[in-house]
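Q: Could you give me a close look at a single part of this structure, and then show me how the rest is arranged around that part?

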Amino acid sequence: MRVFFIGFGQAGGKIVDMFIEQDKKAPVRSFRGIAVNTARTDLMGLRNIELKDRILIGQTVVKGHGVGTDNVTGAKITADEIDSIINTIDSRGTHDIDAFVVIAGLGGGTGSGGTPVLCRHLKRIYREPVYAVGILPAPEEGRLYSYNAARSLSTLVNEADNTFIFDNSAWKNEGESVRMAYERLNDEIVRRFGVLFRAGEVGKTGVGEMVVDSSEIINTLRGGGVSSIGYAISEKVTKSAKQKKGFLGGFSVKKKDNAEEVLTGEDKSAKIIGLVRRAMLGRLTLPCDYTTAERALVLIAGPSDEMDRKGVEKSKSWVEENIAGVEVRGGDYPLESSKIAAVVVLASIGDAPRIRELLEIAKETKEDVIRSKERRVTMFDDDSVDPLFE
Ligand code: GDP
């Protein structure tokens with residue numbers, strides 16, 4: 001799939017920067033990416049997105065210093081400057097892309113406010129689907145972040161064609177602060193979404209048993225709402241002559257006669273089914289009740305002689321038995337790697353405790369804000385003290 005990424009705000013920009021870095025190492029370039037921010041220093045810190053593709057917005061309002069955690073201002077600035085963002089996207093070329101993906105931390109200000117606005121405009125202007133990857137804040141970041149995330153997400157699900165969620169709190173380790181974990185978390189994000197978004201593009205190194213193309217990803221995501229991703233990776237299945245860091249944790253120059261073990265068809269199927277089960281039952285980007293997913297996509301990526309049609313078919317049936325809906329798509333794509341990766345997309349999920357919790361916090365926060373406003377008013381209601389002037 002050819003993807004046009006837009007990183008909105010600090011988190012979004014950093015993650016898109018990593019996608020571009022990953023793309024530079026891949027055999028086929030499939031990604032294009034820009035970053036949008038109200039904070040100049042965040043844009044300057046990026047390494048792989050070209051300077052001309054880093055857009056500073058809101059200069060007259062916040063003078064390059066960011067909007068803090070004020071996502072209403074983030075949304076307003078984005079709406080006011082939407083033309084310059086769209087112009088930059090147009091100038092980078094959109095004729096050959098399959099989808100837009102906007103990435104942002106939903107708890108902050110710029111990305112939280114700007115992402116739903118941008119998705120609305122992209123959908124109006126282009127025919128290609130517009131997806132969002134929204135990062136949820138950890139509870140330790142405070143109520144304002146939760147409040148922002150709940151408001152942003154509630155808006156976003158109506159503006160994007162589908163919203164993938166990554167929950168920071170589910171992924172940071174016990175005792176580790178979110179900040180300390182960013183690099184590791186971003187690595188996990190880019191690894192998973194890299195396999196998904198590259199499907200159908202890396203297959204130049206061989207022919208898969210059951211090739212997936214971008215229309216299958218698009219059809220899986222058609223139902224809208226929020227989606228979660230599971231991922232699992234095998235041990236090394238081939239000896240690698242040369243290791244390069246890639247999105248499966250090491251591309252390698254694969255030689256057939258170097259294979260450590262020659263697997264029979266049954267073994268290959270079993271290995272793929274095992275990986276898919278691990279992907280779906282393990283830690284998801286958004287922990288959720290997978291039995292409420294409406295659709296799913298099963299993707300297997302790895303060395304071409306490890307791909308197995310029966311394994312993919314059986315995995316699909318197993319996923320279908322476990323989710324609410326009956327639409328399960330899937331396939332494989334070969335790539336030069338010493339490992340096999342499985343990605344399971346659980347699309348349009350009906351229940352996720354963390355989202356319920358965020359919505360609840362947002363409701364309480366709104367009520368508290370109203371109550372505290374009332375308290376302030378009543379304290380100075382007494383007119384027995386004369387004001388200095390009327
Ligand atoms: P913005 O620049 O105003 O859009 O705000 P940020 O991008 O800093 O968004 C704030 C939210 O994103 C918070 O919940 C942060 O924990 C989270 N966040 C910030 N940077 C990163 C990052 O690099 N990785 C991840 N996973 N989350 C981040």
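A: Happy to! One definition first: two strands count as paired if DSSP finds at least two bridges between them. Please also keep in mind that this is a predicted model.

With that rule, strand 2 (residues 31-37) and strand 3 are partners, running parallel and joined by three bridges. Within this pair, Val-36 faces Ile-55 of strand 3.

Let us zoom in on strand 4. Is strand 4 mostly covered or mostly open? Mostly covered: seven of its seven residues are buried. Ala-99, Val-101, Ile-103 and Gly-105 point one way, while Phe-100, Val-102 and Ala-104 point the other way, and all of these are buried. Strand 4 pairs with strand 1 in the parallel sense over five bridges, and there Ile-6 stands opposite Val-102. The pairing of strand 4 with strand 5 is also parallel and has six bridges; in this case Ile-103 has Val-133 of strand 5 as its bridge partner.

Phe-5 shows what a residue in strand 1 has around it. With 26 other C-beta atoms within 10 Å, Phe-5 is buried, because the cut-off for that class is 20 or more. Leaving out residues up to four places away in sequence, Phe-5 touches Val-16, Phe-19, Phe-31, Arg-32, Gly-33, Val-101 and Ile-103. Val-101 and Ile-103 in that list belong to the set that points one way from strand 4. For a sense of distance, Phe-5 and Val-276 are 271 residues apart in sequence and 27 Å apart in space, taken from C-alpha to C-alpha.

Ser-30 lies in the loop between helix 1 and strand 2. Ser-30 has 20 C-beta neighbours inside 10 Å and therefore counts as buried. Its contacts, again without residues up to four places away in sequence, are Met-1, Arg-2, Val-3, Asp-23, Arg-198 and Glu-201. From Ser-30 to Ile-165 the separation is 135 residues in sequence and 22 Å in space, C-alpha to C-alpha.

Six of the eight residues of strand 11 are buried, so strand 11 is largely enclosed by the rest of the structure.

The ligand brings us back to strand 4. Which elements each supply at least two residues of the shell around the ligand? They are helix 1 (9-25), strand 4, helix 6 and helix 9 (178-197). There are 21 residues around the ligand, and those that come nearest are Gly-9, Gly-105, Gly-108, Gly-111 and Pro-137. By class, the shell holds eight nonpolar, eleven polar and two charged residues.

Finally, the domains. The protein chain is divided into domain 1 (3-198) and domain 2 (227-347). Their centres, taken over C-alpha atoms, are 27 Å apart. Across the boundary, 15 residues of domain 1 are in contact with 19 residues of domain 2. On the domain 1 side, helix 1, strand 6 and helix 9 each supply at least two of the touching residues, and helix 9 gives the most, with six. That side is made up of eight nonpolar, three polar and four charged residues.

How values were computed:
Residues are numbered from 1 along each chain as its sequence is written. This is a predicted model: local features need pLDDT of at least 70, side-chain atom pairs count only at pLDDT 80 or more; totals for chains, interfaces and linings use all residues. Helices (H or I, at least four residues) and strands (E, at least two) are DSSP runs, numbered from the N terminus. A residue is near a molecule or strand if its C-beta atom, placed from the backbone, lies within 6 Å of it. Ala, Val, Leu, Ile, Met, Phe, Trp, Tyr, Cys and Pro count as nonpolar, Asp, Glu, Lys and Arg as charged, and the others, Gly among them, as polar. Domain bounds come from an automatic or database domain assignment. Two residues are in contact if their C-beta atoms, placed from the backbone, lie within 7 Å. A residue is buried if 20 or more other C-beta atoms lie within 10 Å of its own, exposed if 12 or fewer, and partly exposed in between; C-beta atoms are placed from the backbone.
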